[in-house]
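Good morning, colleagues. I would ask you to look at the next model while I describe how its two chains meet.

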There are 2 protein chains.
Amino acid sequence: MIAQTLPPPYYAVIFTSLRTEGDNGYGAMSDEMEALARQQAGFLGVESARNEIGITVSYWRSLADIKNWKANTSHLLAQKQGREEWYDHYKVRICLVERDYEF
Amino acid sequence: MIAQTLPPPYYAVIFTSLRTEGDNGYGAMSDEMEALARQQAGFLGVESARNEIGITVSYWRSLADIKNWKANTSHLLAQKQGREEWYDHYKVRICLVERDYEF
């Protein structure tokens with residue numbers, strides 16, 4: 001559940017969101033997109049939690065891998081439906097992970 | 001709830017954790033630490049969500065600001081108690097936010 005990523009440097013995409021009311025197919029699509037992301041080149045892991053807001057952090061080997069995933073046809077459709085139906089507001093941050101440690 | 005940070009570059013600290021059973025003073029300390037973090041130089045915002053795992057992302061102007069907050073005396077005590085009582089496992093990632101966008 002805590003992603004076991006490789007030693008830095010690698011990339012993180014922090015996706016923070018406020019959902020609309022109701023499921024409207026969101027849960028199924030979210031599971032499907034996570035399964036699809038796991039199959040992409042350069043995917044290193046994902047962590048997700050939601051209560052008042054949702055935070056999903058996905059980890060990637062490179063910026064090119066992130067760009068490819070963003071442009072994936074099924075993912076583009078999900079992004080469109082996300083803006084139309086599922087999200088009131090979201091913010092995406094593309095980050096270079098410089099250092100990590102754990103307990 | 002979604003942090004309104006300044007234009008990149010800035011820094012993010014992604015803190016992902018698995019809690020132990022029971023509260024054991026965690027909730028109160030967590031609120032206290034968030035209030036204290038907000039008073040630190042270079043603090044830009046924080047986002048937090050928890051269900052199976054907890055994800056807290058705090059945003060900072062620079063690495064020096066992150067280092068100062070990590071070394072804050074009250075925060076050091078909280079970190080110690082975190083390792084002894086509140087967390088089964090956690091991972092910290094220090095990241096340079098290169099790009100962001102929102103909807």
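How many bridges join strand β4 of chain A to β4(B)? There are 11 bridges between strand β4 (residues 87-102) of chain A and β4(B), and these strands run antiparallel. Strands here are DSSP runs of E of at least two residues, numbered from the N terminus, and two strands pair if DSSP finds at least two bridges between them. Within β4(B), B:Arg99 is the bridge partner of A:Ile94.

A word on conventions. This is a predicted model, in which local features need pLDDT of at least 70 and side-chain atom pairs count only at pLDDT 80 or more, while totals for chains, interfaces and linings use all residues. Residues are numbered from 1 along each chain as its sequence is written, and chains are lettered from A and ligands numbered from 1 in the order in which they are written.

I turn to the interface. In total, 32 residues of chain B are in contact with 32 residues of chain A, contact meaning C-beta atoms, placed from the backbone, within 7 Å. On the chain B side, β1 (10-19), β2 (43-50), β3 (54-60) and β4 (87-102) each give two or more residues; β4(B) gives the most, with 15 residues.

Finally, the model scores ipTM 0.95 and pTM 0.96.

Methods
Contact = placed C-beta atoms within 7 Å. Helix = DSSP H or I, 4+ residues; strand = E, 2+ residues; numbered from the N terminus.
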